[in-house]
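The following note collects points for discussion, to be read alongside the model.

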Amino acid sequence: MAAPLVGKTLFRNFFALSRNSFHLQKATVCTGSRAYSEGGGLLSSLFGGSGDKELAAAEQEALDVLSQRPTRKSRAYQPPPDLQERLEGMAAEIRGGPTENWRNVSVENISTKFQVLSRCNKEFGHEVPNAELANMKTFQDVLGFYKTAVVDNDVYNQLIEKDLPPNVNIQWDAYDHLVKKDL
Amino acid sequence: MANHIVGATGRTVTSGFLKSVLQNGVGRYVCQLQRITLKFCKASGQSRGVRDYVENHLLDFAAVNPGVVVYVTPKPQIHARVVAEYLNGEIHTVFLDKKSAEEIQQHVQSLVWRSGQPLVRLRKTQHTENPSIQGQWTPFTNRPSNTTAALEEKLKSLAK
């Protein structure tokens, strides 16, 4: 619930309820009241009484703000083809020259680890999560982490957009109107 | 109902004889399953297996059975189920709450193999259109015809 609604007109309209009857349906918003059709949402239809325009307008504003939330950034990651070369280069820089066993180059030193991992994040667009930081001890571990691809778990959208065989019909949003939306 | 005999017993499970749909399989085999509808909840824990099935196994199933139409209709708060409709109009529902994707695969496959005939207690586990190959035995089979011809004629006239 957005800030403008707090303590604003709720109490004033609570006592105006008795004048108007309202019927709550189980899963959907009250649709019978005039206040609902005039705009706004659940609160203004329940407590709006004789159409409190202030409350309805404020609520509509809140709904607009909520609907304009930024979309979630995809966490998908595919390892680049030259991953190994790049990490070898980084290890060489730390060692001071190219080495055979670059994989064993340690990153346990705090500042080394920070430099290496923040650079990897910048270059590959994929961050080592905090829980995994303790497991990054050598360049072998870093390589292992950046080798594993991550599929963003938006499987259902993928499924629908994929070429489905002609005998499959996925009606994914058929009953979305029944889902309760919390304000 | 398979056997519409109402008797003194309160027995509710109907019984019937073994049937095939027009001797399906003797020549061409026609899959009797017309369509399946997977109904489940997108959010509940009990539908987890169905969601897993839809993600990973459903398209393989659809590719193997092109004659079966598959509908996937998620609905909030619904108990997960698969509704199978057969060519003879029979509708069969299997509830899939708390089942794993492998179990669901088995259930769906068993629906594909069914004939759509109602599930009844079988009175006999065999059925044949030709119960007798050489002819049904009568008392006159294997008896000399000169002694029994007249009697046989009489029996035949009585039978009509």
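1. Tyr146(A) has a relative accessibility of 0% and is therefore buried, where buried means under 20% relative accessible area, exposed over 50% and partly exposed in between (1.4 Å probe, protein chains only). The model is a predicted one, in which local features need pLDDT of at least 70, side-chain atom pairs count only at pLDDT 80 or more, and totals for chains, interfaces and linings use all residues. Residues are numbered from 1 along each chain as its sequence is written, chains are lettered from A and ligands numbered from 1 in the order in which they are written, and side-chain values use heavy atoms, with hydrogens and water left out.

2. Over all chains, a search of the whole structure returns four aromatic pairs; rings of Phe, Tyr and Trp (its six-membered ring) pair if their centres lie within 6.5 Å, and planes under 30 degrees apart count as stacked, over 60 as edge-to-face and the rest as tilted. One of these is the edge-to-face pair of Tyr77(A) and Tyr146(A), at 6.1 Å centre to centre with 75° between the planes. The two residues are 69 residues apart: Tyr77(A) is in the loop between helix H4 (53-67) and helix H5 (83-95) of chain A, and Tyr146(A) is in helix H7 (residues 139-147). Both Tyr77(A) and Tyr146(A) are buried.

3. Phe124(A) and Tyr146(A) form a tilted pair, because their ring centres are 5.1 Å apart and their planes lie at 55°. Since Phe124(A) belongs to helix H6 (residues 110-124) of chain A and Tyr146(A) to helix H7 of chain A, the pair ties together parts 22 residues apart in sequence. Phe124(A) is buried, its relative accessible area being 11%. Ring pairs join Tyr77(A), Phe124(A), Phe145(A) and Tyr146(A) in a cluster.

4. Between the chains, Lys75(B) lies over the face of Tyr175(A), 4.8 Å from the ring centre (a charge sits over a ring if NZ of Lys or CZ of Arg is within 6 Å of the ring centre and within 35 degrees of the ring normal).

5. Chain B contains four helices and six strands, in the order β-β-α-α-β-β-β-α-β-α along the sequence; helices (H or I, at least four residues) and strands (E, at least two) are DSSP runs, numbered from the N terminus. Of its 160 residues, 28% count as buried.

6. Where in chain B is His57(B) placed? His57(B) is in the loop between helix H1 (48-56) and helix H2 (58-64), and its 19% relative accessibility counts as buried. Beyond neighbours within four places in sequence, His57(B) is in contact (heavy atoms within 4.5 Å) with Asp52(B), Ala101(B), Glu102(B) and Gln105(B).
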